[in-house]
Amino acid sequence: MLTPKRKLDDGYVVVSGATIASVAEAKPVGVKVIETDGVVLPGLIDLHGHPEYNVFSAWEPPKLYANRYRWRDSEEYKLVVREPWKKLVEEPSLLRDLTRYAEARALVGGATAIQGASGKYPGKEEALVRNVDLRIFGEHKARSMIDLGRTTPEDRTKMRAKIDAGEVTALYVHLAEGLDPTSRKEFTELKEAKLLTSATVIIHGTALTEDQLGDVKDAGAKLVWSPQSNLRLYGETTSAARAIEMGVTVGLGADWLPSGSQSLLAELSVARRELERQKVDLSPGQLSKRLLEMVTTDAAKVAGLDRKLGEIAKDRVADLVVLERHLEDPWENVLTAGPAWVQLVTIGGDLAYGRSDWMAELLADTAELEPLVAWGKRMLLDTSYAAAGSDTPPPRLKEIRERLLGRFPQTGPIFA
């Protein structure tokens, strides 16, 4: 069987089965080669989101809020998110369609792994992208807490025991999301619950002080930053520059469409501007590299998956993205890119999404793939994956769109 290849800026990525066989400067012979003339990078890892809600268009908050509890209790949020959500999940529930639609959105934007899917996520064994806090690579060693205050003392004790036993290696906790003392107090509560550990991943941390960031660093905990959502809801965001300077491992997440970015690529642009505003102690070149690491190598470390994901290297899992090349500097090319620049996405060596001409060249048969027009480009999307023993065929994107639009005509577009 011929093995597809992807051209790097200085060589070729050789993919064999589910993994990367080699990275070489010399052009391989006797195999199929795609000369992309683009930029090849590891699949992007989006470490914070609420995928089931990503059918909504961006929400324009009418004011700034002190913390996440204030906007969640607001009348405007009820009208633009909560009530439409109830309509979409009333029987017969469209939750499976919501999740598949969100995964397609992530995939076409270059994300091969996401965080934040609900534990009630239906059909998760047939996900289009990896879910880092559900079962992944045969294990389920990550957990999520959206509200620490809603967990019982017993649940906290049990979670700490699982962390100590190595059963949980990544605990994602929404924490200190806001600017007020109430938000900041959540960090004290986390410490008192003995849940500030090397497995802890703090999502947002907007209200954290420098001393608290020092505690995060000392514990070996990590931070996931979503600047676009923070800035829109609170007018300020996490002291990410100081966290980076202190040596805290920081990942990036696009959050959700109601207040976050349209894609992880878009979130990178916001993050760069904000780190520059915060006067991060990095040169422009160092900053570009660090930003890309937030969605690749460092993101994989945060997720506890750095032995498999986040890097283009021999024997790593072949989760790859190919971007159009518009700028000479490959780092700047990535930071300037949007979803329209995505030309090919592979997950575990499988061709998940890509240019129709490349897919036809690499695959013996493309009949099962779904044709799309994405930002003026002819693309193919693989929605055919089904778990073994499943009696229900996985839905096509066309069918999902029809069902969602039938119940909620304001469903936000993917290719926008």
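Guide: Let's begin at Pro92, which sits in the loop between helix 2 (75-89) and helix 3 (95-108). Helices (H or I, at least four residues) and strands (E, at least two) are DSSP runs, numbered from the N terminus. This is a predicted model, in which local features need pLDDT of at least 70, side-chain atom pairs count only at pLDDT 80 or more, and totals for chains, interfaces and linings use all residues. Residues are numbered from 1 along each chain as its sequence is written, and side-chain values use heavy atoms, with hydrogens and water left out.

Visitor: Is the peptide bond from Glu91 to Pro92 cis or trans?

Guide: Most peptide bonds are trans, and most residues other than glycine have a negative phi. The bond joining Glu91 to Pro92 is cis, with omega near -5°.

Visitor: Which strand holds His204, and what is its phi?

Guide: His204 belongs to strand 10 (residues 200-204). Its phi is positive, near 85°, and the residue is not a glycine.

Visitor: Is His204 buried or exposed?

Guide: Buried means under 20% relative accessible area, exposed over 50%, and partly exposed in between (1.4 Å probe, protein chains only). At 1%, His204 is buried.

Visitor: Where is Asp255?

Guide: Look in the loop between strand 12 (250-252) and helix 9 (264-277). Asp255, again not a glycine, has a positive phi of about 60°, and it is buried, with a relative accessible area of 6%.

Visitor: Which residues does Thr206 touch?

Guide: Contact means heavy atoms within 4.5 Å. Not counting residues up to four places away in sequence, its partners include Leu175, Gly178, Asn230 and Thr237. Thr206 lies in the loop between strand 10 and helix 6 (210-219) and is buried, at 6% relative accessible area.
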